[in-house]
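Subject: Structure handover and findings

Hello,

Here is the structure you asked for. My notes follow below it.

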Amino acid sequence: MSDPALRLDGVIRTFRQGERTLEVLRGASLEVRTGEIVALVGPSGAGKSTLLQIAGLLEKPDGGDVAIAGQSAAGLNDDRRTAMRRTLLGFVYQYHHLLPEFTAAENVILPQMIAGKSRKEAAVRAAELLGQMGLAERGDHRPARLSGGEQQRVAIARALANLPAVLLADEPTGNLDPGTAGRVFDHLVEVARAAGTGVLVATHNLQLARQMDRAVLMEDGVLREAAL
């Protein structure tokens with residue numbers, strides 16, 4: 001059996017608040033398989049964003065391990081962790097964070113060129129992704145000329161441009177109306193499945209969570225399977 005796209009093994013994260021030690025994650029464990037879409041649910045302040053930061057190698061845990069496509073991040077220096085993020089991970093946030101001075105296509109091309117692709121090769125991949133996202137006619141538009149849903153679809157295309165093993169999404173439809181959120185989510189699932197990317201989505205939208213393969217609940221610093 002192949003390695004899971006993402007494995008969290010006994011992740012611990014604590015923070016100091018004055019004299020207090022706040023245990024946000026107390027041995028959280030999770031596996032996301034290749035091509036699997038998993039919802040991460042739980043109340044505000046439960047530690048979902050902290051978990052995503054650690055899963056995305058943006059923050060180091062105080063204990064436990066994170067492995068992406070079978071590669072453990074334990075003990076790696078910052079340069080090695082950055083290389084793993086660049087090649088194995090994609091991120092989508094509640095706000096799209098597109099570069100306003102570049103077109104939709106250029107926003108998808110740039111991360112590929114940073115990863116070493118030629119502009120020509122990156123442009124072909126960008127056109128393919130934007131087409132899959134229903135944005136074939138919007139590639140030459142700058143973000144200001146795109147609707148909120150279109151901007152977020154470009155952000156998803158950008159996150160998937162380098163064929164990451166794992167896509168981490170933090171409330172990716174939180175700024176959108178319900179109808180637009182549903183359409184954006186459908187595009188995300190379709191393209192991620194086609195690429196074989198494992199996806200972990202933190203969301204408060206239980207309607208969207210029910211459409212995923214399964215859901216896990218963050219509660220009291222640990223993760224457990226959730227029935228929605």
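Strand S7 is covered on both faces: Val166, Leu168 and Asp170 are buried on one side, Leu167 and Ala169 on the other. That makes five buried residues out of five. Buried means under 20% relative accessible area, exposed over 50%, and partly exposed in between (1.4 Å probe, protein chains only). Helices (H or I, at least four residues) and strands (E, at least two) are DSSP runs, numbered from the N terminus. In a regular strand the side chains alternate between the two faces of the sheet.

Two conventions before the rest. This is a predicted model, where local features need pLDDT of at least 70, side-chain atom pairs count only at pLDDT 80 or more, and totals for chains, interfaces and linings use all residues. Residues are numbered from 1 along each chain as its sequence is written, and side-chain values use heavy atoms, with hydrogens and water left out.

S7 has partners. Strand S6 (residues 89–92) runs parallel to S7, joined by four bridges. Phe91 sits opposite Leu168. Strand S8 (residues 198–202) also pairs with S7 in the parallel sense, over five bridges. Here Asp170 faces Ala202. Two strands pair if DSSP finds at least two bridges between them.

The Asp170 side chain does make a polar contact of 3.0 Å with the side chain of Ser49. A polar contact is a pair of N or O atoms within 3.5 Å; within protein, one must be able to donate a hydrogen and the other to accept it, and residues adjacent in sequence count only if both atoms are side-chain atoms. Leaving out residues up to four places away in sequence, Asp170 touches Ser49, Leu52, Val92, Tyr93, Gln94 and Ala202. Contact means heavy atoms within 4.5 Å.

Next, the open sheet. Four strands pair antiparallel in the order S2-S1-S4-S5. S2 (20–32) and S5 (71–72) are at the edges with a single partner strand each, so one side of each lacks a neighbour in the sheet. Strand S4 (residues 63–68) and S5 pair over two bridges, in the antiparallel sense. Ala67 stands opposite Ser72. Helix H1 (residues 48–55) packs on the sheet and touches S1 (6–17), S2 and S4; its direction makes about 120° with that of S1. Axes are lines fitted to C-alpha atoms, for helices over the stretch in contact, and angles run from 0 to 180 degrees between N-to-C directions.

Gly70 is in the loop between S4 and S5. Its relative accessibility is 38%, so Gly70 counts as partly exposed.

Last, the helices. In H3 (residues 104–114) the buried residues are Ala104, Ala105, Asn107, Val108, Ile109 and Gln112. Their cover includes H4 and H5. Asp140 lies in the loop between H4 (119–132) and H5 (148–160). At 57% relative accessibility, Asp140 counts as exposed. A polar contact of 2.8 Å links the side chains of Asp140 and His141.

Regards
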